[in-house]
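Biologist: I am new to this structure and would like to learn how to read it. Please take one feature at a time.

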Amino acid sequence: MKTWAALLRPGDWLLVLLGAGAVAVSFPLLWSGGKAERAVVRLDGRVVAEFPLTAPRRFAVTGPLGETLIEIAPGRARVLSDPGPRQYCVQQGWLTRPNAIAICAPNHVSLSLSGKDASHDSLNY
Amino acid sequence: MTVSTIELRVTDADRRIARYAAAAIALTVAEAALPSPLPGVKPGLANIVVLIVLLRHGWRDAAWVSLLRVLAGSLLVGQFLAPGFFLALAGALASLAVLALAVRLPQRWFGPVSASVLAAFAHIGGQLLLARLWLVPHDGVFLLAPVFGLSALVFGIVNGLIAARMLKEEQ
């Protein structure tokens with residue numbers, strides 16, 4: 001081990017550390033899947049509201065069962081409450097990635113995030 | 001047999017390059033037998049030879065060895081003019097360009113490992129660039145960049161250490 005380390009000169013160490021840093025930075029940078037920018041609320045597949053993920057706000061949409069409450073926060077969004085029996089979309093919690101989607105099927109409501117460019121959504125993927 | 005009218009003068013440099021290229025080609029072929037987790041993630045053992053030639057005999061010889069290695073290596077593994085050949089060529093050209101600069105770094109501070117790591121990153125960079133421009137015209141190829149970068153770093157260090165060791169032992 002010592003003999004191998006002796007082959008490295010100071011600049012080598014520097015370059016290796018720089019390279020390791022660049023690689024470490026590139027992982028989250030390239031694998032974050034981009035930034036979610038907008039939240040899209042749909043009722044029966046039709047877009048009823050679209051918000052930028054900048055300022056916090058709440059939005060209520062009324063479906064066949066009642067009112068589904070959507071909460072928007074900077075960089076994320078969630079279904080706060082839903083009249084559906086199983087609460088899947090509520091339990092999904094905060095959506096943060098582009099193309100993530102929470103569907104409240106009983107109430108015909110869906111909440112999805114969109115990024116810079118549309119690609120696969122979290123269901124199809 | 002008729003005596004050939006064309007006489008090719010073979011210099012010592014030619015023989016030297018041929019010997020090194022043969023070693024590099026042998027490593028390329030041996031490496032082709034190794035399973036790879038992802039196309040493009042390879043140890044690049046032939047680059048040890050290129051590195052040694054670079055530091056012993058200069059950039060011109062290293063370029064010869066590197067390009068002969070790409071050409072003959074691809075012929076031997078049946079990849080000549082296939083996409084893999086062009087990717088290897090792009091990688092070799094990019095790393096040769098970077099090595100031309102790397103040899104100018106102060107020797108006191110930067111050894112073979114520096115040259116090897118820089119060349120490995122250039123190699124993967126050239127390949128990714130060609131892949132993006134030609135084979136996969138979508139930014140999705142860059143999603144693989146961290147994986148390639150990591151393998152370039154690891155194998156760059158390992159190859160550089162081997163080259164440094166071999167250069168040291170001859171002294």
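Modeller: Start with contact, which means heavy atoms within 4.5 Å. The contact here takes 17 residues from chain A and 25 residues from chain B. As for the conventions, this is a predicted model, in which local features need pLDDT of at least 70, side-chain atom pairs count only at pLDDT 80 or more, and totals for chains, interfaces and linings use all residues. Residues are numbered from 1 along each chain as its sequence is written, chains are lettered from A and ligands numbered from 1 in the order in which they are written, and side-chain values use heavy atoms, with hydrogens and water left out.

Biologist: How much area do chain B and chain A bury between them?

Modeller: Buried area is the accessible area (1.4 Å probe) that two parts lose on being put together, summed over both. For chain B and chain A the value is about 1,800 Å², with 76% of it on carbon and sulfur atoms. On the side of chain B, the residues that lose the most area to chain A are B:Pro146, B:Leu161 and B:Arg165, which together make up 26% of what that side buries.

Biologist: Which elements give two or more residues to that side of chain B?

Modeller: Helices (H or I, at least four residues) and strands (E, at least two) are DSSP runs, numbered from the N terminus. The elements in question are helix 5 (112-135) and helix 6 (145-170) of chain B. Helix 6 of chain B supplies the largest share, twelve residues.

Biologist: What kinds of residue make up the side of chain B that touches chain A?

Modeller: Ala, Val, Leu, Ile, Met, Phe, Trp, Tyr, Cys and Pro count as nonpolar, Asp, Glu, Lys and Arg as charged, and the others, Gly among them, as polar. That side of chain B has 18 nonpolar, four polar and three charged residues.

Biologist: How many residue pairs are in polar contact across the interface?

Modeller: A polar contact is a pair of N or O atoms within 3.5 Å; within protein, one must be able to donate a hydrogen and the other to accept it, and residues adjacent in sequence count only if both atoms are side-chain atoms. Between chain B and chain A the rule finds five such residue pairs, both residues at pLDDT 80 or more.

Biologist: Is A:Glu71 buried or exposed?

Modeller: Buried means under 20% relative accessible area, exposed over 50%, and partly exposed in between (1.4 Å probe, protein chains only). A:Glu71 is buried, at 14% relative accessibility. A:Arg58 counts as exposed at 52%, and A:Arg78 as partly exposed at 25%.

Biologist: Which residues does A:Glu71 touch, leaving out those up to four places away in sequence?

Modeller: Among them are A:Arg57, A:Ala77, A:Leu80 and A:Trp94.

Biologist: What salt bridge does B:Asp61 form?

Modeller: B:Asp61 pairs with B:Arg16, the closest N and O atoms being 2.6 Å apart. B:Asp61 lies in helix 3 (residues 59-76) and B:Arg16 in helix 1 (residues 12-32) of chain B, so the pair ties together parts 45 residues apart in sequence. B:Asp61 is buried at 4% relative accessible area, whereas B:Arg16 is partly exposed at 26%.

Biologist: How many helices and strands does chain A have?

Modeller: Chain A has three helices and seven strands. Of its 125 residues, 36% count as buried. One buried residue is A:Phe51, at 7% relative accessibility, in strand 2 (residues 46-52) of chain A. The C-alpha atoms of A:Phe51 and A:Ile72 are separated by 7.9 Å, although the two residues are 21 residues apart along the chain.

Methods: Salt bridge = Lys/Arg side-chain N within 4 Å of Asp/Glu carboxyl O.
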